[in-house]
Amino acid sequence: MIEVLKQHITNRLGNDLDNLDMVLSSFKHIKTKRNQHLLQQGDVCKYVYFIAKGCLQVYVYDKDFNETTRDIIIEDNWCSELLSFGSGKPALENIRTVEPCELFAIDKPTFQKLMETVPQFDKVYKQILEASYANSVYRINTFVSLTALDRIKWLMEYRPMLMTRLSSKLIASYLGINKDVFSRLKAKL
């Protein structure tokens with residue numbers, strides 16, 4: 001599985017990364033089961049995860065203890081609660097595995113050391129930040145302007161693999177739609 005991480009890094013930084021073996025050895029390989037929490041709201045986020053296989057849900061609980069999904073993250077992507085990871089303050093979000101996963105985790109001290117000693121690794125961090133920000137802004141701007149039916153159509157067009165991988169409840173949470181409304185609208189398509 002380390003080959004997946006290696007390919008991801010070389011795709012972004014090129015093949016002439018002198019310290020690639022050191023970078024790869026800084027990550028801890030983790031296998032998880034389905035529905036395993038990697039982070040719970042209120043805890044400090046200590047890791048950035050690279051998803052080699054599987055799917056993660058980033059979510060919060062509303063005042064009525066209903067889940068609201070901020071993001072679903074699949075293979076070949078990074079996941080963390082960046083505000084908590086950066087500041088050391090308690091996390092506002094939860095991160096949970098949706099499927100059995102194979103992840104590569106790196107803790108904050110090691111991550112910071114790599115940024116200081118491997119100049120190219122700083123690019124990885126910037127890409128993580130940019131991708132997270134762009135995804136959040138795009139999703140907020142898109143979903144604010146779309147009806148519930150249009151959100152389902154958006155998902156079917158831009159992230160169709162989620163329709164077959166995830167439960168209706170989780171998809172509805174991701175789209176910000178009641179589960180029953182989601183099922184009814186999906187049946188119309």
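**Ground rules**

I am working with a predicted model, where local features need pLDDT of at least 70 and side-chain atom pairs count only at pLDDT 80 or more, while totals for chains, interfaces and linings use all residues. Residues are numbered from 1 along each chain as its sequence is written, and side-chain values use heavy atoms, with hydrogens and water left out.

**Helix 1**

I began with helix 1, which covers residues 2-13; helices here are DSSP runs of H or I with at least four residues, strands are runs of E with at least two, and both are numbered from the N terminus. Helix 1 has 12 residues and spans 16 Å from first C-alpha to last, close to the expected 16 Å. That expected span is 1.5 Å times one less than the number of residues.

Which residues of helix 1 are buried? I noted Leu5, His8, Ile9, Thr10 and Leu13. Buried means under 20% relative accessible area, exposed means over 50%, and partly exposed is in between, with a 1.4 Å probe and protein chains only.

These buried residues pack against helix 2 (20-25), strand 3 (47-53), strand 6 (77-79), strand 8 (101-107) and helix 5 (121-145); contact means heavy atoms within 4.5 Å.

**Strand 4 and its partners**

Next I looked at strand 4, residues 55-61, where five of the seven residues are buried. Strand 4 pairs with strand 5 (residues 67-74) in the antiparallel sense over seven bridges; two strands pair if DSSP finds at least two bridges between them. I found Leu56 opposite Ile73 of strand 5.

Strands 4 and 5 make a hairpin with five residues between them, and Phe65 in the turn has a positive phi of about 65°. Strand 4 also pairs with strand 7 (residues 94-97), antiparallel over four bridges. There, Gln57 stands opposite Arg96.

**Pockets**

I looked up the largest pocket and got about 410 Å³. My search used a 1 Å grid over the protein atoms alone: a pocket is an open set of points with protein on both sides within 12 Å along at least five of seven lines, and lining residues have an atom within 4 Å of a point. Grid points are joined across faces, edges and corners, and the volume is the space filled by probe spheres set on them.

The largest pocket has 21 lining residues, with Ile73, Asn77, Trp78, Ala131 and Ser132 nearest its centre. Which element supplies the largest share of that lining? Helix 5 does, with seven residues.

The second largest pocket comes to about 310 Å³. Its 17 lining residues include Glu67, Arg96, Ser167, Lys169 and Leu170, the closest to its centre. Helix 8 (168-175) and strand 7 each give at least two residues to this lining, and helix 8 gives the most, with four.

**Two loop residues**

Last, I checked two positive phi values. Asn35 has phi near 65° and is not a glycine; Asn35 sits in the loop between strand 1 (28-32) and strand 2 (37-39). Is Asn35 buried or partly exposed? Asn35 counts as partly exposed, because its relative accessible area is 42%.

Asp76 also has a positive phi, about 65°, without being a glycine. I placed Asp76 in the loop between strand 5 and strand 6, and its 33% relative accessibility makes Asp76 partly exposed.

Note on methods:
On a 1 Å grid over the protein atoms alone, a cavity is a set of points where a 1.4 Å probe fits but cannot get out, and a pocket is an open set with protein on both sides within 12 Å along at least five of seven lines; lining residues have an atom within 4 Å of a point.
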